[in-house]
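Hi,

Here is the structure I promised to pass on to you. Have it open while you read, and I'll walk you through what turned up.

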Amino acid sequence: MNPAPLPRSGLWQQVLTRPQGALALGLLGFLYLCALFAPFLAPYGPGDQDLQKTYHPPTGLTWTREGLAVRLYENADPTQALYRPIPGKSAAVHWLPPGYPYRLFGLFPCRRHLFGVEPRHKIYLLGSDSTGRDVFSRLLYGAQISLSIGLIGITISLGVGLIAGGLAGYFGGWFDSLIMRSTELLMAIPGLYLLLALRGAFASQFGSGEVYLLIVVILSFLGWSGAARVIRGLTLSLRAQTFVEAAIVTGLSPWRILWRHLLPNLASYLLVAAALSIPGYILGAAALSFLGIGIQEPAASWGLILAQAQEMKVFMCNFWWLLTPGAAVFVTVAAFNLLGDTLRDVIDPHFRTGGR
Amino acid sequence: MGLKRSIRLLPLLLAAVLGLATLSCSRPARVGERPSFPIPQEADVSHAQPGKRGGVFVEVSPGEPSTFNWLVAEDASSASFLGLLFDGLTSYNPIREEVVPALAKSWEIGADSRTFTFHLREGLAWSDGVPLTADDVLFTFRCVYDPRFPNRNAYDLSVNGKPFLVEKLDRQTVRIRTPEIFAPFLRYMSGVSIMPKHLLQGAYEDGTLLRAWSIFTAQKTPAAIASSGAFRLHSYRPGQLILLDANPRYWRIDRERRRLPYIDYLIVKFVKDQNASVVAFASGQTDADTIPPDDVGWVRRGEGIHHYTVHDRGPSTASTFLWFNQNPGHDKSGKPFVSPYKLRWFQDRRFRQAVSYGIDREGMVQGILFGRGQPLWGPESPANSKWFNPRIRQYPFDPGRAEQLLAEAGFHRRPDGALEDAEGHPVSFTLLTNQENPLRTAMATVFQQNMKALGIEARLQFLDFGALVTKISDSFDYEACLLGLTGGGDPADGMSVFVSKGRLHQWYPSEPQPATPWEARIDSLMLAQLTTLDETLRKRYWDEVQQILSEELPYIYLVTPDIYAGLRDKWRNVQIPKIGSVVWNLEEVWTP
């Protein structure tokens, strides 16, 4: 049998038995579910505006005879976006009301949303932004982009890294030095400037979403060098192990050896590396949007919502709800780091014993 | 928190300024001690309330000057510094909205309306003591028209490519003849900074004039730049500030025969962006600033703490508008700039009118500008009361009317709500705007929603300004664009925008022939207003141009924000005009 040191289910069970692992997995599961069901959970579309209710504070919730209800507000001073609740006035929250049409998972046409209020009122769980769009809805739609970008990025960069590093470590020789010199070349390219240039070059041909995806793809093609070097090192040391030599002696093809004998031993490293590098992509994506070179209005991403909070009036008039994407980024990044740490704790002893 | 911190910052700043003044060079060592030179015999007497000398006025500038040479200055920052340092023969008073004497004490207009005889003030001198005479005026025009020194003024100061004829009659008298009647002549003369012959003659002769008086001159030898205005250059620290001090040989005095300006120093600090500039004002670090409409609310809260007032100046002259590309041309490979079926929509007046009815301008004002703005229907904002035509066609938000117009033009809705034209093309276009301006991007998203309600798909594309300009004025491969302009001048400023040959005639630049009868009519009206000095006649022509534009809507105007000026309370003699800089009369401003 091939030496698979980690039965997959055992690994996740071990992660789940540790409190921080369970917490991280729970949080991430919750966040990704939110992103997946964003159109269903969001009461409004990401671009739906209400110019009469800009910078509306989060609507308070009350309990009335009809059940849960939101308080109604009047615009006390439009020049400062100052809203006051109207005492005794509220609008009942409806469950599963029909709303704007959407496609769940991009497939199933649907009109129902989890909750909503009478169309002439608004429910702003996290307030509204400069054109009266619901920050809560935008946060959910933004999660689709901000959370998926990490997965796409890491898949490409670890995938390329694994292939290049694994082959380099296994075959060695001129192939090894070719791969390693090219990683060094790639590492020397300054990422931010390349990004600005790419953004400028593609901006006029593609929409903002496409450019953004393109940038992430290109960035991860550039970002594989770090992973490739580590994987090469690991493969080199694994290749000297007796079980690999035994496999070679039995006449297995290099591909089979790579696939059946080396990859399972690298899996643990890959898992940890993935969990620990995804936050980098999420932060990077948020930073790009914040700088205005990521995804653009009216699409939603966490960095883009945060970019609105750059204006002085957001601080001076205390529109704190525009900072909630920052909290979301924080929670996501913390959860991924926690998960990565836990994974490493679980895997490390295995790795050592598996080698000997 | 920002407010508290600044209380400690202010004395520090003042100390830094005073330190700078004493350290840097051999100029007057103590603030307030100015050398006294004889007052010109024909000095201009200010009617403002006489004040007290002394004080430092602190302003901010969003950009740094690129030159101190009037001939090559093309950007707004350089122009604003040159305006403080140099005067012209005439000057424009924004309160009275008329041209007033400056270096020239008076002028006569010949019977042919083309000959202007200017009489310079007796006893004028440059800040280094050399007399300012008709020779300097002559020298200035010679520099402008010299083919060795290509500059944009040569274009502005000519009619149909023919230059003005400038002659010196005597030491104090200059006669200028325009080749044809040129309506904005006197106003344009206020922008012609007279240059000192005695300092620039050498550079003129050896052909290096365009490189003279660069920002390096200003850094190394600021004293080499002699000025004729209220201030002279004291020092320039790139990235930090420009320090100007009072010109001891200035030609204006107050009623008590004391020489202006009252303030000793003017400090202009450079800030990164508008946020930084507003914060600097709101924390008491600067004396005057323009406050964006959406920041007025919180800036007003600091009025009591830092003793400033935010003044409402009413609607601004800035306009935001969008237009559809109506250019029927094609690129080198033969591909049309705009697909023919889309061009047909864009060239249809009813389509443009329907779009205009479909835009919620009131909503934009309420939502984006916090209620501090006005809908705009034509090129002239109500702020420019002299030229504004209130009787033009307006397009209040009326989706029903828009639908009706679209139906008339042959558009109809598909079952899924999307609009399509008679041939079944779904109505969609891409709107460009520049990404640096948050107000514009917000308006673009509102526009997108408004169009969605009509079944029109408006895609947005935000580009950086350079890329945008290439598209709209060079490659022409775009469908619609949203941009803004600061107006507030004379109708003659709109020649290149509204005349069909104009390069800034954005919806179809540089038309070989007027494409439509109404464009031909605008051409003749614009030419008519340019070649008469009769202001009522000019107003009538310009009114009709505005009328036609509002009917045909080549530009669909959106909104103009109200403009607010923040000013420290300690300054006297400040008159805030409706248009232009807040403290346009800095030489008369004083503090008790």
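One definition before we start: helices (H or I, at least four residues) and strands (E, at least two) are DSSP runs, numbered from the N terminus. Also keep in mind that this is a predicted model.

Let's begin with chain B. It has 19 helices and 25 strands. Its radius of gyration is 26 Å, close to the 25 Å that the globule rule gives for 592 residues, so chain B is as compact as a globular protein of that length. The C-alpha trace spans about 85 × 65 × 45 Å along its principal axes. Of the 592 residues in chain B, 46% count as buried. If you look at contacts in chain B with a separation of 6 or more, 67% of them are between residues 24 or more positions apart.

Now find the open sheet in chain B. Its five strands come in the order β22-β21-β23-β17-β24, with mixed pairing. Which strands stand at the edges? They are β22 (457–463) and β24 (555–557) of chain B; each has a single partner strand, so one side of each is left without a neighbour in the sheet. From one strand to the next, the twist averages 30 degrees. Strand β17 (residues 318–324) of chain B runs antiparallel to β24(B), and three bridges join the two. One residue pair to look for there is B:F321, whose bridge partner in β24(B) is B:Y557. Helix α15 (residues 438–453) of chain B lies across β17, β21 (428–434), β22 and β23 (480–486) of chain B, and runs at about 165 degrees to β22(B).

Strand β3 (residues 90–93) and strand β4 (residues 98–101) of chain B pair in the antiparallel sense over four bridges. B:Y92 has B:V99 in β4(B) as its bridge partner. Four residues lie between β3(B) and β4(B), and B:E97 in that turn has a positive phi of about 55 degrees.

A few loops in chain B are worth a click too:

- B:L553 sits in the loop between α19 (535–552) and β24 of chain B. Its phi is near 55 degrees, a positive value in a residue other than glycine. Is B:L553 buried or exposed? The cut-off for buried is 20 or more other C-beta atoms within 10 Å; B:L553 has 25, so it is buried.
- B:F476 is in the loop between α16 (465–475) and β23 of chain B. It is not a glycine either, yet it has a positive phi of about 55 degrees. With 18 C-beta neighbours inside 10 Å, B:F476 counts as partly exposed.
- B:L260 and B:P261 are joined by a cis peptide bond, with omega about -5 degrees. You'll find B:P261 in the loop between β13 (252–253) and β14 (265–270) of chain B.

On to chain A, which is divided into domain 1 (11–36 + 139–351) and domain 2 (50–133). The centres of these two domains of chain A are 36 Å apart. Seven residues from domain 1 and nine residues from domain 2 of chain A take part in the contact. On the domain 1 side, five are nonpolar, two polar and none charged.

Finally, the two chains meet: 25 residues of chain A are in contact with 30 residues of chain B. On the chain A side, helix α12 (residues 312–316) gives the largest share, three residues. That side of chain A has eight nonpolar, 14 polar and three charged residues.

Happy exploring!

Technical notes: Residues numbered from 1 in each chain as written. Chains lettered and ligands numbered in written order. Predicted model: local features only at pLDDT ≥ 70, side-chain atom pairs only at ≥ 80, totals over all residues. Nonpolar A, V, L, I, M, F, W, Y, C, P; charged D, E, K, R; others polar. Pairing = 2+ DSSP bridges. Rg over C-alpha atoms; globule rule 2.2 N^0.38 Å. Buried ≥ 20, exposed ≤ 12 C-beta atoms within 10 Å, placed from the backbone. Domains from an automatic or database assignment. Axes fitted to C-alpha atoms, helices over the stretch in contact; angles between N-to-C directions.
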